[in-house]
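Some notes on this model follow, in numbered points. Please read them with the coordinates open.

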Amino acid sequence: MQNPTLLQFFHWYYPDGSKLWPEVADRAAWLSEIGITMAWLPPCYKGDSGGYSVGYDSYDLFDLGEFDQKGSVATKYGDKQQLLAATEALRSHNVGVLLDVVLNHKMGADEKEAISVNRVNPDNRDEIYDEVVGCEAWTKFTFPARAGEFSKFVWDHKCFSGVDHIENPDENGVFKIINDYTARRLERPG
């Protein structure tokens with residue numbers, strides 16, 4: 001391919017209201033005509049802010065705008081059928097599709113869990129304080145509206161290394177979750 005050209009087809013302040021996917025479909029031919037070879041699209045799954053989410057507050061990676069979660073069925077950019085129509089329109093005009101995905105953020109848990117944490121110095125995250133704090137944190141993702149469709153996996157505190165808010169005691173900060181994952185990560189070869 002000579003002179004490939006990637007276009008970021010979104011911006012942080014794109015308006016709400018499920019308009020992006022239809023706009024992508026409408027402009028697919030034009031993008032091809034002006035030499036765009038790939039369109040970079042924003043995260044297409046449900047974020048914690050539902051129909052207002054720009055996608056970087058990942059809630060459910062399997063909800064592409066078809067389940068009533070976080071206050072909406074559609075994502076900010078549209079529903080699943082509009083997304084599929086947009087990607088098909090791009091492909092039919094030989095414009096590749098690059099979907100942004102954020103795998104290392106999770107927000108909007110469905111349930112709290114009782115966990116143990118260590119406080120961490122926010123200015124030096126290698127400095128982990130010895131005191132173990134029993135608390136509760138929003139770390140369990142069950143996706144009740146999706147009810148196991150596409151994946152039955154439940155995210156819980158064992159899936160994470162840290163949180164930024166705890167309850168009982170109520171505190172914001174940097175907290176290392178004590179679990180098998182973080183214990184293994186902290187072991188250093190002798």
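Where is phenylalanine 143 found? Point 2 takes this up.

1. Basis. This is a predicted model, in which local features need pLDDT of at least 70 and side-chain atom pairs count only at pLDDT 80 or more, while totals for chains, interfaces and linings use all residues. Residues are numbered from 1 along each chain as its sequence is written, and side-chain values use heavy atoms, with hydrogens and water left out.

2. Backbone. Phenylalanine 143 is found in the loop between strand 7 (128–140) and strand 8. Its phi is near 50°, a positive value in a residue other than glycine. The loop between strand 8 (162–166) and strand 9 (171–177) contains proline 169, which is joined to asparagine 168 by a cis peptide bond with omega about 15°. Strands (E, at least two residues) and helices (H or I, at least four) are DSSP runs, numbered from the N terminus.

3. Domains. The protein is divided into domain 1 (6–99) and domain 2 (111–185), with bounds from an automatic or database domain assignment. Their C-alpha centres lie 30 Å apart.

4. Domain interface. Eight residues of domain 1 are in contact with eight residues of domain 2 (contact means heavy atoms within 4.5 Å). About 740 Å² is buried between the two domains, and carbon and sulfur atoms give 69% of that area. Tyr59, Phe62 and Phe67 supply 64% of what domain 1 buries against domain 2, more than any other three residues. Buried area here is the accessible area (1.4 Å probe) that two parts lose on being put together, summed over both.

5. Charges at the interface. The rule finds one salt bridge across the interface of domain 1 and domain 2 (a side-chain nitrogen of Lys or Arg within 4 Å of a carboxyl oxygen of Asp or Glu). The side chains of arginine 146 and aspartate 60 meet in a salt bridge, at 2.7 Å from N to O.

6. Other salt bridges. The structure holds 11 salt bridges. One of them pairs lysine 70 with aspartate 48, the closest N and O atoms being 3.7 Å apart. Because lysine 70 lies in the loop between strand 4 (58–60) and helix 2 (80–92), and aspartate 48 in the loop between strand 3 (46–47) and strand 4, the pair ties together parts that are 22 residues apart in sequence.

7. Annotation. An unreviewed UniProt entry lists residues 24–118 as "domain: Glycosyl hydrolase family 13 catalytic". In the model that span is 24% helix and 22% strand, and its end C-alpha atoms lie 46 Å apart.

Definitions and conventions. UniProt positions are given in the numbering used here, feature names are shortened, and annotations may be inferred rather than shown by experiment.
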